[in-house]
Amino acid sequence: MKTELHPASSRGTADHGWLKTAFSFSFAGYYNPARIHFGALRVLNDDYIAAGMGFGKHPHDNMEIVTIPMKGAVAHEDSMGTNGIINAGDVQIMSAGSGIYHSEFNASQTEALELFQIWVMPKLKNITPRYDQRSYNTADFKGQWKTVVSPLGTDIDSLQVNQDTYFNLTELNAGESLSYSLHGAQQGAFVFVIEGGIEVAGEKLGRRDAIGISQTESIEVKATLTDTKVLLIEVPMVW
């Protein structure tokens with residue numbers, strides 16, 4: 001087993017007043033040559049966006065973009081004609097493919113928005129852009145892995161993207177354990193603690209700590225605190 005520890009305190013940060021961000025990987029004005037990507041996982045931004053603020057229309061291409069609001073709601077509009085709201089409890093995917101424009105704003109004029117935006121490098125380039133979103137109940141995650149994103153063509157209750165990646169969420173109480181089996185020898189997993197604490201791969205992780213794990217068939221995660229929330233992103237290490 002190979003591991004790569006990512007303490008929360010080691011992340012890059014930016015504070016623009018209306019936007020506060022912590023970067024797990026090099027992005028915008030934050031550059032760390034040791035933190036460019038983990039396999040096909042290129043971006044994991046932990047964003048706080050003030051009421052009524054956001055990002056005006058801007059382009060993307062050849063990237064699989066996943067947005068997971070944790071508090072509040074995102075107002076999304078894009079060049080594919082999509083115009084809607086992504087609430088906490090929803091997961092949104094956007095395969096930028098051959099190219100799109102989109103905007104994303106805090107949908108509230110009074111409350112802050114907190115979200116994770118995650119980019120995965122695509123399996124095939126220049127595909128037709130696609131958009132999808134889905135709502136999940138908190139019961140979907142309790143005591144089990146819930147796959148919310150999976151590769152195109154998989155027949156499970158999840159959003160599908162153009163890469164061999166699986167996004168899995170769980171909520172655990174202290175002492176509960178879960179095993180996760182990787183989908184092949186070339187796969188790795190980035191385990192990110194949203195809230196609470198876990199033990200994994202011989203390490204103790206707290207809120208917003210993460211660890212990249214590869215060269216193994218399975219991973220055991222044990223919660224050390226009640227109301228622990230974990231995001232496990234499985235990605236190809238070679239793509």
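Let's start with residues 148–235: this stretch is 0% helix and 60% strand, with its end C-alpha atoms 14 Å apart. UniProt, in an unreviewed entry, annotates residues 148–235 as "domain: Quercetin 2,3-dioxygenase C-terminal cupin". UniProt positions follow the numbering used here, feature names are shortened, and annotations may be inferred rather than shown by experiment.

A word on the model itself. It is predicted, so local features need pLDDT of at least 70 and side-chain atom pairs count only at pLDDT 80 or more, while totals for chains, interfaces and linings use all residues. Residues are numbered from 1 along each chain as its sequence is written, and side-chain values use heavy atoms, leaving out hydrogens and water.

The other annotated stretch, residues 11–120, is listed by UniProt as "domain: Pirin N-terminal", also from an unreviewed entry. That span is 0% helix and 59% strand, and its end C-alpha atoms lie 18 Å apart.

Now, the charges. How many salt bridges does the structure hold? Eight, counting a side-chain nitrogen of Lys or Arg within 4 Å of a carboxyl oxygen of Asp or Glu.

Take D46 and R11, whose side chains meet at 3.2 Å, N to O. They link distant parts of the chain, 35 residues apart: D46 is in strand 4, and R11 is in the loop between strand 1 and strand 2. Both are buried, meaning under 20% relative accessible area, with exposed being over 50% and partly exposed in between (1.4 Å probe, protein chains only).

R208 and E195 also form a salt bridge, at 3.4 Å. R208 sits in the loop between strand 19 and strand 20 and E195 in strand 17, so the pair ties together parts 13 residues apart in sequence. R208 counts as buried at 7% relative accessibility, and E195 as partly exposed at 28%.

Finally, please look at D90, in strand 9. The D90 side chain does make a polar contact with the side chain of S135, at 2.6 Å. A polar contact is a pair of N or O atoms within 3.5 Å; within protein, one must be able to donate a hydrogen and the other to accept it, and residues adjacent in sequence count only if both atoms are side-chain atoms.

Methods. Helices (H or I, at least four residues) and strands (E, at least two) are DSSP runs, numbered from the N terminus.
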